[in-house]
Amino acid sequence: MGGPLGFVYSTVPVVIFVAANAFLPLPLTVSVALATGLALTVFRLTRGEPFSSAVGSLAGIAITAGVVAWTGSAKDFFVFGIWAAFAGFLVTFCSAVARRPLTGVIWNLLHGGKHAWRADRTVLRAHYVATLAAATVFGARFVVMQWLYLKDSTGWLAAAKIIMGAPLTALAAVVVIWAFRRSTKRLAKAG
């Protein structure tokens with residue numbers, strides 16, 4: 001999640017975009033968003049952060065700015081994130097429905113893929129809870145942001161992205177960490 005700086009890196013471009021959009025024409029707003037993304041990328045690289053993380057963030061801003069430039073609508077700055085949340089919901093929810101909760105699959109892969117984690121009811125239940133927590137976060141983001149998108153509420157979209165971003169992700173991460181620790185305690189240390 002990137003800790004406090006990760007929150008800043010994900011929040012600053014959104015705030016700058018919405019603030020610029022309130023005072024500037026859309027093409028200039030897009031330029032300001034790209035300049036902000038580039039400045040953050042340079043800052044991150046000079047701090048010694050991994051190239052892929054720093055440039056990946058810039059790529060995300062470039063994609064969203066490109067969509068806005070193409071459609072001519074400021075609210076489209078959020079469309080990629082809205083549909084990414086929907087995709088995240090589908091993947092996590094469907095993995096639980098398919099009786100292969102995604103957090104359990106990931107935990108097992110991280111531990112060499114050698115554990116019969118689904119045979120342990122306690123571990124399986126923990127991963128259902130963790131996977132459904134992640135699905136709930138993704139689903140809530142999609143529902144709220146899609147509703148705001150359809151209402152043409154760019155300012156509220158920014159607020160929702162910030163409020164439903166790091167805080168909800170942190171909450172879901174706590175549940176996932178709990179499931180990982182529970183799995184490790186019951187399976188990895190026993191094996």
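Predicted model: local features only at pLDDT ≥ 70, side-chain atom pairs only at ≥ 80, totals over all residues.
**Entry 1: the chain as a whole**

I began by counting elements, and I found eight helices and zero strands in the protein chain. Read from the N terminus on, the elements run α-α-α-α-α-α-α-α. I then looked up the extent of the chain, and its C-alpha atoms fill a box of roughly 60 × 40 × 25 Å along the principal axes. Of the 191 residues in the protein chain, 39% are buried. For the surface I noted that the chain exposes about 10,500 Å², with carbon and sulfur atoms supplying 72% of that area. I also checked the contacts between residues at least 6 apart in sequence, and 69% of these join residues at least 24 apart.

**Entry 2: α2 against α3**

I turned next to helix α2 (residues 26-46) and helix α3 (residues 51-71), whose axes come within 9 Å and cross at roughly 175 degrees. Angles over 145 degrees count as roughly antiparallel, and α2 and α3 are therefore roughly antiparallel to each other. On the α2 side I listed L26, V30, A33, L34, G37, L38, T41, R44 and L45 as making the contact, and on the α3 side F51, S53, A54, V55, S57, L58, I61, A62, A65, V68 and A69. Sorted by class, the residues of this contact are 15 nonpolar, four polar and one charged.

I looked separately at F43, which lies in helix α2. F43 counts as partly exposed because its relative accessibility is 40%. Its C-alpha atom is separated by 8.8 Å from that of A54, a residue 11 places away along the chain.

I found S73 in the loop between α3 and α4. With a relative accessible area of 23%, S73 is partly exposed. Setting aside residues up to four places away in sequence, S73 touches L26 and V68, and I had already listed L26 on the α2 side and V68 on the α3 side of the α2 and α3 contact. S73 and L26 are 47 residues apart in sequence, while their C-alpha atoms are 7.9 Å apart in space.

For α5 and α6 I noted a packing angle of about 115 degrees, with the axes 7 Å apart. In this contact L102, T103, G104 and W107 of α5 meet H127, A130 and T131 of α6. The classes here are three nonpolar, four polar and no charged residues.

I then looked at H115, which is found in the loop between α5 and α6. H115 counts as buried, since its relative accessibility is 15% and the cut-off for buried is under 20%. Leaving aside neighbours within four places in sequence, I found H115 in contact with W107, N108, L187 and A188. W107 is also one of the α5 residues that meet α6.

**Entry 3: α6 against α8**

I recorded the crossing of α6 past α8 as left-handed. The α6 side of the contact is made by T122, V123, A126, H127, V129, A130, A133, A134, V137 and R141, and the α8 side by L168, T169, A172, V175, V176, W178, A179, F180, R182, S183, R186 and L187. These residues divide into 15 nonpolar, four polar and three charged. Going back over my lists, I noticed that H127 and A130 of α6 also meet α5, and that L187 also contacts H115.

Which residues other than glycine have a positive phi, at about 65 degrees and near 60 degrees? The value of about 65 degrees belongs to R99, and the value near 60 degrees belongs to D152. I placed R99 in the loop between α4 (79-97) and α5 (102-110), and D152 in the loop between α6 and α7 (154-163). R99 counts as partly exposed because its relative accessibility is 48%, whereas D152, at 53% relative accessibility, counts as exposed.

Definitions and conventions: Residues numbered from 1 in each chain as written. Heavy atoms only, no water. Left-handed = near helix turned anticlockwise from the far one by under 90°. Helix = DSSP H or I, 4+ residues; strand = E, 2+ residues; numbered from the N terminus. Contact = heavy atoms within 4.5 Å. Nonpolar A, V, L, I, M, F, W, Y, C, P; charged D, E, K, R; others polar. Buried < 20%, exposed > 50% of the residue type's maximum accessible area, 1.4 Å probe, protein only. Areas by Shrake-Rupley, 256 points an atom, 1.4 Å probe, with all protein chains shown as cover. Axes fitted to C-alpha atoms, helices over the stretch in contact; angles between N-to-C directions. Parallel < 35°, antiparallel > 145°, perpendicular 65-115°, else oblique.
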